[in-house]
Amino acid sequence: MLMISHTLCMCMCLLTHFSYPLMFKSIPTFTPIKKNHLHVSTSLSSSSLDNVFAQDDVRLSVSQDESCSSLLAPGSAKLDTAWEDLGFEYRTTRSHLKMTFSTATNAWSKPVLVKEPYVSVHIGATALHYGQSCFEGLKAFQHQDGSVNLFRPKDNAQRLKSSCERVCMPFPSETQFVDAVQTVVRDNIDYVPPYGTNGALYVRPLLFGSGEKIGLSPADEYTFLIMVIPVGDYYKGGIKPVSAVVITDFDRAAPKGVGGVKVAGNYASDLLPNQMGKKKGFPIGLYLDAQTNSFIEEFSTSNFVGIVNAKDGGLQGGKYVTPKSPSVLPSITNKSLMTIAEDEGMKVEQRPISVSELAVFDEVVACGTAVVVTSVGKVVKGGDIYDFCDEVPGTTTMRLYDRVRAIQVGDEKDKFGWNVAVC
Ligand code: PLP
Ligand code: COI
């Protein structure tokens, strides 16, 4: 049944009355995104109407208060591949979300949904010249009951805040952040991979200095964007272990540098070592501390975990060891795995880890939002090869993967309160 609310009728009248040429160009942006009805937020104000008309590709936000059954079905978008075969590549979805901040008003604009996957920024934007930019990564999953949930979005809001503070940028509040993520996921709900396909909707918030400055100082204008992309495994081969190379010719982060925050420059500086490693057959590179080159820091894309299994090979009584260093990015996945490991009766140690300890670990794991829990089969450092497994991940790695995944997709009770509903 097609239901058009009273408010919507009024809006349509306004649209027709005041801006026919824009309306004409805007028609595709009002494509109903809901199964049964076209809905416009009832809290529509004149300023959000301004947003509607600001660009022909900008749409109203979807309202937050409906169940998934009133939206398009997750997994109903048409992709160029089967949901089961998704890797970690860019794909265009319906929209991204945009907010801007001006130091003149000291406030964030209302969020808007933008159809075109392009951003127009000033040639003097500080992000382009001085790298005043940071990002986040989190995922939305469909559960078996049909609901769609985000995994620990408040933790991403907090980490975004710490990144912004480090490079002198304003940040959205936790509520603004989570609301914005929920809004853009709802607008792209049909791109959420269906339950049982092993995929997720990857959410990539991005915040950067978009105002111009040519002397070195923070911008006066900032842009916050959130794009969403349906994804599967980061590394080809699914759960098959990957080989890592220890990066000895380059450092990732100085002891008092920016390694502990998710700023864009950290990833730019890793591109060359990353490409060099891949050319030699290593999909993943492991960084050491920049000061002494003797302690393990983290992988380019993820945190490092070393496992010492209990004598009987089980988890109970085993050890979960992960580096403690101010230049390692505090991974939300790692934090979750530490909780699960403790729940399994493992001893969790967060402390400096000497490279030589690689010889002591039974299993090595790379963990992060994109890579989830990836088994590292071997670590190569110059002529030294540390072997952990071949084709099949170790039992502890698999158990940790299964448990975090089960919580993310709703197969296990969310006793730690990590999931936040989108609809
Ligand atoms: N370390 C680095 C350098 C990363 O880029 C990421 C990914 O976000 C992680 C660790 C893992 O963090 P999280 O589990 O919060 O995704
Ligand atoms: C993530 O895991 O979300 C990241 O941001 C890592 C990125 C290099 C893909």
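How many nonpolar, polar and charged residues does the shell around ligand 1 have? The shell has 5 nonpolar, 8 polar and 4 charged residues, where Ala, Val, Leu, Ile, Met, Phe, Trp, Tyr, Cys and Pro count as nonpolar, Asp, Glu, Lys and Arg as charged, and the others, Gly among them, as polar.

This is a predicted model, in which local features need pLDDT of at least 70, side-chain atom pairs count only at pLDDT 80 or more, and totals for chains, interfaces and linings use all residues. Residues are numbered from 1 along each chain as its sequence is written, chains are lettered from A and ligands numbered from 1 in the order in which they are written, and side-chain values use heavy atoms, with hydrogens and water left out.

**View 1. The shell around ligand 1.** Ligand 1 is surrounded by 17 residues (a residue is near a molecule if one of its heavy atoms lies within 4 Å of it). Tyr 267, Glu 298, Ser 331, Thr 333 and Thr 369 are the closest. At least two shell residues come from each of strand 14 (296-299), helix 8 (332-343) and strand 18 (363-368); helices (H or I, at least four residues) and strands (E, at least two) are DSSP runs, numbered from the N terminus.

**View 2. Polar atoms at ligand 1.** Oxygen atoms of ligand 1 lie 2.7 Å from a polar side-chain atom of Arg 159 and 2.7 Å from an N or O atom in the side chain of Ser 331. A polar backbone atom of Ile 332 is 2.8 Å from an oxygen atom of the ligand. The protein buries 96% of the 380 Å² that ligand 1 exposes when taken alone (Shrake-Rupley method, 1.4 Å probe).

**View 3. Ser 327 in its loop.** Ser 327 sits in the loop between strand 16 (319-322) and helix 8. Its relative accessibility is 4%, so Ser 327 counts as buried (under 20% relative accessible area, 1.4 Å probe, protein chains only). The Ser 327 side chain makes polar contacts with the side chains of Glu 297 at 2.7 Å and Ser 325 at 3.0 Å; such a contact is a pair of N or O atoms within 3.5 Å, and within protein one must be able to donate a hydrogen and the other to accept it, while residues adjacent in sequence count only if both atoms are side-chain atoms.

**View 4. The disulfide of Cys 68 and Cys 423.** The sulfur atoms of Cys 68 and Cys 423 are 1.9 Å apart and form a disulfide (sulfur atoms within 2.5 Å). The link is right-handed, with 85° about the S-S bond.

Conventions
Buried means under 20% relative accessible area, exposed over 50%, partly exposed in between (1.4 Å probe, protein chains only).
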